[in-house]
Amino acid sequence: MRKSYFDTANKNRFKSLGKIVTFYLGQVKNSYLKFVEYVKNFIDKIPKKFVRVFIILLLSFFSVMVFVNREKFSPDYIGTFLADSFAEFSFGPGFPQKTNGGKVNCENFKVIDKDVVLLSDLSLTTLNSSASEMLQKQHSYQNPILKTCDTRAIIYDLGGKSLEITSKSKTLHNSSTDYNIISAAISNYGTFAIVTEAKGFLAQLTVLSKDSRNVYYRYNFANHYITDVAIRKDGWSSAVCGATANDGSVVSSVYVFDYNREEPLAKIDYNDNMFIRLEYLSNGNVVAIGDKLVSVINPSRGTHEDYSYDNKNIVGFDVNKKEGVLLALSLSEDGTNTDMVIIGQTGKLEKSFHTEHSVKAVSFNHHKLAALSYGKVYVYNFVGHLLKSFDVGIDTKNIRLFSGKELYTLGLTDVNKIRF
């Protein structure tokens, strides 16, 4: 068969294209060789003693980095990371998804990365973004409480003596205490802090290794009733808040502990205020949320920045470790006419605006914030511009904004994922 004019033209076109590609590849190769030669000549001109010093400094830097992050290179951590990653890629039936067991309290509804963690009256469940069960297990706790960090979760029986540590896909450790548990917190590498009742004291803080075999720190509280404990993400510092009575009024205190010191690194007192939540932010500061004010503490300096609610009711709040704290403050207890207040990592007021919508719960992430009203969710940017609103179930009681375009909602019997 005779070749057509178009076949010949295409063949010639491909030949021309091949020559052009070959030419430019040759140019890239020559430029790369010239760059390598230039770097080699530059290094040869540097005195050998400076090269040796540079190599020593570079090796020292990498040695320090490996030591600081040594837990990341442990077989347990790597194995758990791989197991969690594998579970995240499994496909599920999608949302909405029924909650296993009975009631899920608002505080037992968390998100680790993009995976939702639910602790009900009967079970602990972790679901990935397609609603596949990464972890599902029963428990027998009377008053189950869930705390999470970036990679781990700890569940404990408030007023009981049992606790367990999990990743997103498996149970890592079970433990029990001699005295009843008041509060607990978990770090990224499994080191955990626990506050219990104690003989002869009102409470005792104990910081333990991930397998409970080593006690890193212990401190007894003689005068304060402890309300919460937090632990830094690397596990090497803890903070506790508690309250005591003084001349008929409440005095709250925040303690920050360095395990190399017998006494607290910092202790700050607050009059006429009760702290209900304590968290470490990613910059190492500690945020304490109370019924009258929020305080951001710099442990190394022993200083703090406070933001007073000015007699308003706190109807909702959210802590984002990378961005700070979001407060929903209202003059009424039903959340109408609410001020949305964003406090940065250093404790400074960053943004605030007013909304007339009734607010039940709030969440913020990726420079956006979401407010749950009665059967509706409103999404704003940080200057208060309404970006989106959509309907949710009237029984929705909490929300978790986990990306700039997605959030989870918690209802009475199910959890749902909404993309907006």
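Me: How many residues does the chain have, and what share of them count as buried?
Reply: The chain has 420 residues, and 46% of them count as buried. Keep in mind that this is a predicted model.

Me: What does the secondary structure come to?
Reply: It comes to 3 helices and 32 strands.

Me: What share of the contacts joins residues 24 or more positions apart?
Reply: Take the contacts with a separation of 6 or more. Residues 24 or more positions apart account for 40% of them.

Me: Let us take a helix. What is the general idea?
Reply: An α-helix has 3.6 residues a turn, so residues three or four places apart point the same way. Now the case here. Helix 3 runs over residues 75-88, which is 14 residues. At 1.5 Å a residue it should span 20 Å, and its end C-alpha atoms are 20 Å apart, which agrees.

Me: Which residues of helix 3 are buried?
Reply: Tyr 77, Thr 80, Asp 84, Ser 85 and Ala 87. They cover an arc of only 160° around the axis, which puts them on the same side of helix 3. On the other side, Pro 75, Leu 82 and Phe 86 are exposed.

Me: What do the buried residues of helix 3 pack against?
Reply: Two strands: strand 5 (133-138) and strand 9 (171-176).

Me: Now strands. What holds a sheet together, in general?
Reply: Strands of a sheet pair through backbone hydrogen bonds, either parallel or antiparallel. For a case here, look at the open sheet of 4 strands in the order 14-15-16-17. Its pairing is antiparallel.

Me: Which strands are at the edges of that sheet?
Reply: Strand 14 (225-231) and strand 17 (266-271). Each pairs on one side only. The twist averages 20° from one strand to the next.

Me: How many bridges join strand 14 to strand 15?
Reply: There are 6, and the two strands run antiparallel. Strand 15 covers residues 238-246.

Me: Next, hairpins. Where should I look?
Reply: Start with strand 7 (residues 153-157). Of its 5 residues, 5 are buried, so it is largely enclosed by the rest of the structure. Ala 153, Ile 155 and Asp 157 point one way, while Ile 154 and Tyr 156 point the other way.

Me: Which residue of strand 7 is the bridge partner of Ile 145?
Reply: Tyr 156. Strand 6 (residues 144-148) and strand 7 are joined by 5 bridges and run antiparallel. They form a hairpin with 4 residues between them.

Me: And how many bridges join strand 7 to strand 8?
Reply: Here there are 4, and the strands run antiparallel. Tyr 156 has Leu 163 as its bridge partner in strand 8. This hairpin has 4 residues between the strands, and Gly 159 takes a positive phi near 85°.

Me: Which residue in the turn between strand 24 and strand 25 has a positive phi?
Reply: Gly 347, at about 100°. The hairpin has 5 residues between its strands.

Me: Which residues have the most contacts inside the largest nonpolar core?
Reply: Leu 205, Phe 221, Val 240 and Phe 257, in a core of 16 residues. Strands 11, 12, 13, 14 and 16 each supply at least two residues of this core. Apart from it lies another core, of 15 residues, among them Ala 239, Val 254, Ile 268 and Val 286.

Me: What is Phe 257 in contact with, leaving aside its neighbours within four places in sequence?
Reply: Its contacts include Leu 205, Tyr 217, Phe 221, Val 240 and Leu 265.

Me: Last one. Is Lys 322 buried or exposed?
Reply: Lys 322 is exposed, with a relative accessible area of 69%. Its place is in the loop between strand 22 (313-320) and strand 23 (324-330). Beyond its neighbours within four places in sequence, Lys 322 is in contact with Ser 282 and Gln 345. Lys 322 and Asn 365 are 43 residues apart in sequence, yet 8.9 Å apart in space, C-alpha to C-alpha.

How values were computed: Residues are numbered from 1 along each chain as its sequence is written. This is a predicted model: local features need pLDDT of at least 70, side-chain atom pairs count only at pLDDT 80 or more; totals for chains, interfaces and linings use all residues. Side-chain values use heavy atoms; hydrogens and water are left out. The expected span of a helix is 1.5 Å times one less than its number of residues. Buried means under 20% relative accessible area, exposed over 50%, partly exposed in between (1.4 Å probe, protein chains only). The arc is that of the directions from the helix axis to the C-beta atoms. Contact means heavy atoms within 4.5 Å. Two strands pair if DSSP finds at least two bridges between them. Axes are lines fitted to C-alpha atoms, for helices over the stretch in contact, and angles run from 0 to 180 degrees between N-to-C directions. A nonpolar core is a set of buried Ala, Val, Leu, Ile, Met, Phe, Trp, Tyr and Cys residues joined through side-chain atoms within 4.5 Å.
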